[in-house]
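Morning, everyone. Please take a look at the model on the screen, and then we'll walk through some helix pairs and some rings.

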Amino acid sequence: MITFLVCLALLVTAYFTYGRYLERLVGIDPAARTPCSRLYDGVDYVPLPRWRIFLIQLLNIAGLGPIFGAVLGAAYGPVAFLWITFGGIFMGAAHDFIAGVISLRHDGASLPETAGVYLGGGMKIVMRLFSAGLMILVGAVFLSQPASLVAARLDVPSLEGIAFGGFSWLLLIVLGVILVYYIAATLLPVDKIIGRIYPVFGFALLFMAVGILVVLLFGGEYTIPEFTSFENCIADAKAFPMLFTTIACGAISGFHATQSPLMARCMRNERESRSVFYGAMISESIIALVWAAIAMAFWGDVAGLNGAIAEYGGQAAVMIDVIANKTLGPALAVFVIFGVVACAITSGDTAFRSARLIVADFMGVEQRTLRKRIYICIPLFALGLLIIFGLPFQTMWSYCAWMNQTLAAVTLW
């Protein structure tokens, strides 16, 4: 428990200390005009309140990472607490904050364009292809996984089963509904869907973490293991570097730098940067810390967690369901699963939206006109569906994890 509490305190303290240091480092200017005030277009450049932008940013960057990744990454033992905490403070949150401020000061430009400013024209071309490819891949992952989570609850074949021989009309209908939502969220002005429903889902994500935290601190039933050494608890794997990709979103994720421009186009003052960019990443790290802790404590210890992972075939969604039912009760467990599905969906739609902006930026296509937005989106969604039905999920996820960390390296450069 001591390791967990110290890490939790460090994350909270970092927001008020290291976060302020980064503000001074980049020279936050409250008097500077932000992109939405100069380039308002009613579609992507739309001013939104700080609290709403914070919750949207949190959902954009979170997805299933701080839940699924933390539960599976906890199999490496309490060393996961250190990776989440120090990685989150000094790498992830710093990465998100500075990348967000850079975009804010370049008219809300997407990551490939700002990379071109600092790393040259050649890198700009590489990043255009790489970033757009990652966005489509992330969109495909988070289009397939919510449908698969629903399939698990309804006991019907998974998407991978459909792609390779199985079939389920019900699952295809679920996939179709999510796809229609993705198309609408990608095309419509940011304040019409994303700006309205994301805050609700954001509160759900925070509520889940707070509920689990209360159980851990006051339930009296669970004991969180302490960090004692860097010894890894999985017999045939190494904590380093596999821990980095397992809990990528708990510490550093290049994907975040592709999402920050969406919110940089909606911010009304540079002073909001610390809460929106640094604060959202610190919040995600806290959520990951809580889920990693309950994963280890729920099954008694790290060895018990590894046994559970083997028993459930590494299906984090099933493990989350088991934890929620036991700790929060069946009624709230349904709410938790709904929140998990929402987390996945709210990263998938903004991945496709970000892909649209990346393509629009490098092609120089204005986005006020709906017809032009549709022209860009058709091939993006077509490629996403080809990936879903053409690749096994594990293959998709492996490429996604590698590209995510590579993108973080380029962003830090």
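How are H1 and H2 oriented to each other? Keep in mind that this is a predicted model. Start at the numbers. Helix H1 covers residues 2-16, and helix H2 covers residues 18-26. Their axes come within 3 Å and cross at roughly 30 degrees. Angles under 35 degrees count as roughly parallel. So H1 and H2 are roughly parallel to each other.

Who touches whom here? On the H1 side we have Ala-14, Tyr-15 and Phe-16. They meet Tyr-18, Gly-19 and Arg-20 in H2. Sort the residues of this contact by class, and you get four nonpolar, one polar and one charged.

Next pair. Helix H11 is residues 194-218, and helix H14 is residues 273-298. These axes come within 9 Å, and the crossing is at roughly 45 degrees. H11 and H14 are therefore oblique to each other. What is the handedness of the crossing of H11 and H14? It is left-handed. From H11, the contact takes in Leu-205, Leu-206, Met-208, Ala-209, Ile-212, Leu-213 and Leu-216. From H14, it takes in Ile-287, Val-290, Trp-291, Ala-293, Ile-294 and Ala-297. Now the classes. The contact of H11 with H14 has 13 nonpolar residues, no polar ones and no charged ones.

Third pair. Helix H17 runs over residues 330-363, and helix H18 over residues 370-390. They pack at an angle of about 120 degrees, and their axes are 10 Å apart. The crossing of H17 and H18 is right-handed. H17 brings Phe-352, Ala-355, Arg-356, Val-359 and Ala-360 to the contact. H18 brings Arg-373, Ile-376, Cys-377, Leu-380 and Phe-381. By class, the residues of this contact are eight nonpolar, no polar and two charged.

Last topic: rings. A pair of aromatic rings is described by two things, the distance of the centres and the angle of the planes. How many aromatic pairs does the model have? The count comes to 11. Which residues form one aromatic cluster? Tyr-18, Tyr-21, Phe-90 and Tyr-278.

Arg-274 lies over the face of Tyr-15. The distance from the ring centre is 4.4 Å.

Conventions: Residues numbered from 1 in each chain as written. Predicted model: local features only at pLDDT ≥ 70, side-chain atom pairs only at ≥ 80, totals over all residues. Heavy atoms only, no water. Phe/Tyr/Trp six-rings, centres within 6.5 Å; stacked < 30°, edge-to-face > 60°. Lys NZ or Arg CZ within 6 Å of the ring centre and 35° of its normal. Axes fitted to C-alpha atoms, helices over the stretch in contact; angles between N-to-C directions. Helix = DSSP H or I, 4+ residues; strand = E, 2+ residues; numbered from the N terminus. Left-handed = near helix turned anticlockwise from the far one by under 90°. Contact = heavy atoms within 4.5 Å. Nonpolar A, V, L, I, M, F, W, Y, C, P; charged D, E, K, R; others polar. Parallel < 35°, antiparallel > 145°, perpendicular 65-115°, else oblique.
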